There are 2 protein chains.
Amino acid sequence: MTTPATKEEAIKNHLLAGVKADELDRLLPNLQLLSLPLGQVIYESGEKMDHVYFPTTAIISLLYIMENGSSAEIGVVGNDGMVGIAIFMGGDTTPNRAVVQSAGITLKMKAALMKDEFTLGGRFHNLCLRYTQALITQISQTAVCNRLHSVDQQLCRWLLLSHDRLPTDRLIMTQDLIANMLGVRREGITHAAKRLQKAGYISYVRGDITILDRPGLESGVCECYQVVRTEYDRLLG
Amino acid sequence: MTTPATKEEAIKNHLLAGVKADELDRLLPNLQLLSLPLGQVIYESGEKMDHVYFPTTAIISLLYIMENGSSAEIGVVGNDGMVGIAIFMGGDTTPNRAVVQSAGITLKMKAALMKDEFTLGGRFHNLCLRYTQALITQISQTAVCNRLHSVDQQLCRWLLLSHDRLPTDRLIMTQDLIANMLGVRREGITHAAKRLQKAGYISYVRGDITILDRPGLESGVCECYQVVRTEYDRLLG
DNA sequence: CTCTGTCTGTGCGTTGACGCACATAACGAA
DNA sequence: TTCGTTATGTGCGTCAACGCACAGACAGAG
């Protein structure tokens, strides 16, 4: 179920908000509003992408799924960016799965139209490339964080990354799903979440997380979060 | 100490070998041949890049250095690619260090000339973007591998990645340096390397590694290696 | 209200990697 | 050759995370 997007909706996505007025006017008729439920798979590993997605309130997680079924998140996309960079990078597909981590609204556009607009080489083109570089930093830092930091730190990082992309302080997400994203045990998340709850940073009831004390979370996170945050601001702010 | 590059040298780099003849003729006068010693830092985290590098026999490692001094590799670049994608992506810099992992030759070109050629939007432009996507896959898979796989598997992956980019079967690299790249303990590499040596896959004497049995190494590696390899072939092959 | 499925909490043995301390081994300069 | 430096091997104790098993706790369907 899709409907055409208004300008008000479109500029809730930071990338679309950053393009020039005439470019946005050209894009708007091609942008369809779409409501995404939690868990929906936007595209599957190796599958040719036929749309690009600009989330406004939804959050999309980029995952790699191992042959044995275990998984790990490599990046997360919200109203700060777009899903489907392979379309304009030239590969048309990636060996990853994109799945809705937090239900909400996204704008979608046909791949061919995306390519056409990208080829014009305007500010939209530059913005897409700068966003891609920011995403590379996020993925790089995920690699570093996976190597060197504890589950506790990574949960803080994950919560902050989500909170940044969320219109509210509430996050609907079971511990089991978070564990799949981070590529750790569900029990590991239980322990880490309990510690955060005891510290008063979050409340957590059956898949309903509320961020109570953001500065608290920030005190528990590793430097990886700030590195990525700073780089996003520098490249896109 | 640099000298102008010949066409024969240039096409040892796969990216340069892939551009059209007229584009290569335009690039050649701007490409300087440069010999890089082991350990040399090509650029430092946050430093504005003023050159792009196309290795032919050298291998460059992309590292993130933590505030406490520990480090982890996020990607590796050899004759398959280029160092300095931030120049055309628009960020001009990244929060990483690029360091010579294996001494050898590289071609370098001024950042401004690189931007000019990229803006022309020919096959070179497309090739750079496709390479960037391949690099994203490599970084992503590093993140996954860091999360889910053992030091043994990662050492195999690292050796194979290096071997792919090397003109010989010999690799000059101490266990201490490998440990810094992988972000693990030196002793962990000692153990893993001993196992590989016992299996007859490599010989290892004081920083001088020889790959003896590549299929053997491939039998010990996780799927991450093949995923990246396949993606490079698909995007650039 | 009960039943059923889902989500969270907890315990326990195992393991892979860490940190530290030192022993051995090779190379290179004097 | 000798000596200092660098590289590798090895043995601990420690710890974070794992795998498994199971106990509560809650929500929604009927």
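This is a predicted model: local features need pLDDT of at least 70, side-chain atom pairs count only at pLDDT 80 or more; totals for chains, interfaces and linings use all residues.

Which exposed residues does the face of α9(B) turned away from its buried side carry? I looked and found E187(B), K194(B) and K198(B) there.

Entry on the helix itself. I checked the length of α9(B), residues 186-198. At 1.5 Å a residue, its 13 residues should span 18 Å, and the end C-alpha atoms are 18 Å apart, so the two agree.

Next I listed the buried residues of α9(B), and got I189(B), A192(B) and L196(B). Looking down the helix axis, I see them fall within an arc of 70°, so they line one face of α9(B).

Just after α9(B), I noted G200(B), with a positive phi of about 85°.

Entry on the chain contact. I find 34 residues of chain B in contact with 34 residues of chain A. On the chain B side, the elements giving two or more residues are β6 (71-77), α4 (86-89), α6 (123-148) and α11 (223-236). The largest share comes from α6(B), with 15 residues. Sorting the chain B side by class, I get 15 nonpolar, 14 polar and 5 charged residues.

How values were computed. Residues are numbered from 1 along each chain as its sequence is written. Chains are lettered from A and ligands numbered from 1 in the order in which they are written. Two residues are in contact if their C-beta atoms, placed from the backbone, lie within 7 Å. Helices (H or I, at least four residues) and strands (E, at least two) are DSSP runs, numbered from the N terminus. Ala, Val, Leu, Ile, Met, Phe, Trp, Tyr, Cys and Pro count as nonpolar, Asp, Glu, Lys and Arg as charged, and the others, Gly among them, as polar. The expected span of a helix is 1.5 Å times one less than its number of residues. A residue is buried if 20 or more other C-beta atoms lie within 10 Å of its own, exposed if 12 or fewer, and partly exposed in between; C-beta atoms are placed from the backbone. The arc is that of the directions from the helix axis to the C-beta atoms.
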